[in-house]
Amino acid sequence: MSANIAEMEKRREAARMGGGQRRIDAQHAKGKLTARERLDVLLDEGSFEEVDAYVEHNCVDFGMHDGAKIPGDGVVTGSGTINGRLVFVFSQDFTVFGGAVSERHAMKICKIMDMALKVGAPVIGLNDSGGARIQEGVASLGGYAEIFQRNVLASGVVPQLSLIMGPCAGGAVYSPAMTDFIFMVKDSSYMFVTGPDVVKTVTNEVVTQEELGGAVTHSSKTSVSDLALENDIEALLATRDFFDFLPASNRDEVPERPCADPWDRSEASLDTIIPPSANQPYDMHEVIRKTL
């Protein structure tokens, strides 16, 4: 029995380490947290229950069967609570094959989304992926199709939140684009169908990653992203705050929050704040402040 326990502890530690200490250090050097560290910040302390921690890929081509299997296969999945409310989460691990999605990786995400739909709870995805795992070819793309189907089935049923926390491209941004809310991190997260090098080859246009799909671009110009945050910690804490405003599913009411503002308060300035001519501008922020 002791030998079995020792083997289990060995596998558990391998799953915790992801792609290894060298890649974890590289992640930290970029000012980014690891997949598990992000979940520690996002979820209530001690609430995370991991699912499929020891899943490995099933690819045998391109040397992937020989010493290239890492427990978890590049994504940490499970459930937990945020301020006491149930949530299902997945956190892609960039230290494992650059967070690339394999068939098994996709199956883990789909399983979590199916569980969320079954019990009626929100899904939060922490995205940090380079896209499809090219060694698996069509199998990886098929995995993406399964994730997309879950996004469609969950739409309007349970809230879906996406945090873009790395350079996500291709399939890695198709799924977040179908979710309800997207938060991004400035200077470290990007969303684009393809990168600047391909754009230059096809259109001969020189563009930076930030200009093409950075957090500021998507939150101020394209409106793909709802918020651009300064760093991983700020993004995760903002998600915890935002989560309190969401219903668990379409079967539940919106959470009620205490308010000291009288329901019958009168704000006379609202009668004149909007100018008579549609060509004249006005400060929408002032309108919002006076109605809060």
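This is a predicted model: local features need pLDDT of at least 70, side-chain atom pairs count only at pLDDT 80 or more; totals for chains, interfaces and linings use all residues.
Within the chain, confidence is lowest in helix H1, where the mean is 79, and highest in strand S3 (residues 85-92), where it is 97.

Helix H1 spans residues 2-17, 16 residues in total, and from its first C-alpha to its last it reaches 23 Å, which is close to the 22 Å expected at 1.5 Å a residue. After H1 comes Gly 18, a residue whose phi is positive, near 55°.

Two packed helices are described by the angle between their axes and the distance between the axes. For helix H4 (residues 103-119) and helix H5 (residues 138-154), the axes come within 8 Å and cross at roughly 15°. Because angles under 35 degrees count as roughly parallel, H4 is roughly parallel to H5, and the crossing in which H4 passes H5 is left-handed. On the H4 side, the contact involves Glu 103, Ala 106, Ile 109, Cys 110, Met 113, Asp 114 and Leu 117, while the H5 residues that they meet include Ala 139, Gly 143, Tyr 144, Ile 147, Arg 150 and Ala 154. By class, the residues of this contact between H4 and H5 comprise 10 nonpolar, three polar and four charged. An α-helix has 3.6 residues a turn, so residues three or four places apart point the same way.

The second contact pairs helix H3 (residues 35-42) with helix H10 (residues 232-243), whose axes come within 9 Å and cross at roughly 40°. That angle makes H3 oblique to H10, and H3 passes H10 in a right-handed crossing. From H3 the contact draws on Arg 38, Val 41 and Leu 42, and from H10 on Asp 232, Ile 233, Leu 236, Leu 237, Thr 239 and Arg 240. Sorted by class, the residues joining H3 and H10 are five nonpolar, one polar and three charged.

Taken together, the two contacts comprise a roughly parallel pair, H4 with H5, and an oblique pair, H3 with H10.

How values were computed: Residues are numbered from 1 along each chain as its sequence is written. Side-chain values use heavy atoms; hydrogens and water are left out. Helices (H or I, at least four residues) and strands (E, at least two) are DSSP runs, numbered from the N terminus. The expected span of a helix is 1.5 Å times one less than its number of residues. Axes are lines fitted to C-alpha atoms, for helices over the stretch in contact, and angles run from 0 to 180 degrees between N-to-C directions. Angles under 35 degrees count as roughly parallel, over 145 as roughly antiparallel, 65 to 115 as roughly perpendicular and the rest as oblique. A crossing is left-handed if the near helix is turned anticlockwise from the far one by less than a right angle, and right-handed if clockwise. Contact means heavy atoms within 4.5 Å. Ala, Val, Leu, Ile, Met, Phe, Trp, Tyr, Cys and Pro count as nonpolar, Asp, Glu, Lys and Arg as charged, and the others, Gly among them, as polar. pLDDT is the predictor's confidence in each residue, from 0 to 100.
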